[in-house]
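I would like to go through one model with you, helix by helix, and then turn to its pocket.

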Amino acid sequence: MALNEYFDFLALDDIRIKGHRIGIETVLYEYLYRERTAEEIQQLYPSLTLAEVYTTILYYLLNKESVSQYIQDWLEWSHQQRKMQAANPHPAAERLRKLKAEREKQTAIQGEERNGA
């Protein structure tokens with residue numbers, strides 16, 4: 001089986017491991033940024049075989065320049081998405097943040113009352 005046959009090239013910015021919804025960026029992020037071994041990555045994503053993890057790493061090593069750019073683009077896109085979510089939180093998320101703040105405030109007040117009593 002040729003190396004490229006292990007992947008589904010859905011778009012320039014979307015390469016998936018064939019038979020999975022897992023993108024190569026998921027495996028490579030763990031490998032490059034979290035310095036996990038192929039075996040550790042396979043344990044994190046048990047639906048992947050060890051051969052699929054190693055093949056993804058090999059694909060990166062053989063195509064370092066283009067795959068590095070792919071990962072950088074993905075990281076930038078992810079960062080932009082997080083910024084947008086922070087700027088425009090979902091109403092339910094905002095409500096949960098307020099409830100959490102109220103609970104923490106109440107816990108602090110109760111702690112002060114116990115220490116002061």
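At what angle do the axes of helix H1 (residues 24-32) and helix H4 (residues 64-87) cross, and within what distance do they come? Please keep in mind that what you see is a predicted model, and that the values I give are computed from it. The two axes cross at roughly 95° and come within 11 Å, and with angles from 65 to 115 degrees counting as roughly perpendicular, H1 and H4 are therefore roughly perpendicular to each other. On the H1 side the contact is made by Ile 24, Glu 25, Leu 28, Tyr 29 and Leu 32, while H4 brings Val 67, Tyr 70, Ile 71, Trp 74 and Leu 75. Sorted by class, the residues of this contact of H1 with H4 are nine nonpolar and one charged, with no polar residue.

Let me step back to the whole chain for a moment. The protein has five helices and two strands, and their order from the N terminus is β-β-α-α-α-α-α. For 117 residues, a compact globule would have a radius of gyration near 13 Å, whereas this protein has 21 Å. Taken along the principal axes, the box that the C-alpha atoms fill is roughly 70 × 30 × 25 Å.

Returning to the helices, H1 also packs with helix H3 (residues 50-62), here at an angle of about 80° and with the axes 10 Å apart, which makes H1 roughly perpendicular to H3. Ile 24, Val 27, Leu 28, Tyr 31 and Leu 32 of H1 meet Val 53, Thr 56, Ile 57, Tyr 59 and Tyr 60 of H3 in this contact, and by class the contact has nine nonpolar residues, one polar and no charged ones.

The remaining pair I want to show is H3 with H4, whose axes come within 5 Å and cross at roughly 110°, so these two helices are also roughly perpendicular to each other. Here Tyr 59, Tyr 60, Leu 61 and Leu 62 of H3 are in contact with Lys 64, Val 67 and Ser 68 of H4, a set that divides into five nonpolar, one polar and one charged.

That brings me to the pocket. Which element gives the most residues to the lining of the largest pocket? It is H4, with five residues, and the elements that give two or more are strand S1 (7-11) and H4. The pocket has a volume of about 180 Å³, and its lining consists of Phe 9, Ala 11, Leu 12, Asp 13, Ile 15, Ile 24, Tyr 59, Ser 66, Val 67, Gln 69, Tyr 70 and Asp 73. By class, the lining has eight nonpolar, two polar and two charged residues.

Notes. Residues numbered from 1 in each chain as written. Predicted model: local features only at pLDDT ≥ 70, side-chain atom pairs only at ≥ 80, totals over all residues. Heavy atoms only, no water. Axes fitted to C-alpha atoms, helices over the stretch in contact; angles between N-to-C directions. Helix = DSSP H or I, 4+ residues; strand = E, 2+ residues; numbered from the N terminus. Parallel < 35°, antiparallel > 145°, perpendicular 65-115°, else oblique. Contact = heavy atoms within 4.5 Å. Nonpolar A, V, L, I, M, F, W, Y, C, P; charged D, E, K, R; others polar. 1 Å grid on protein atoms, 1.4 Å probe; cavity = no way out; pocket = protein on both sides within 12 Å on 5 of 7 lines; lining within 4 Å. Points joined across faces, edges and corners; volume = space filled by probe spheres on them. Rg over C-alpha atoms; globule rule 2.2 N^0.38 Å.
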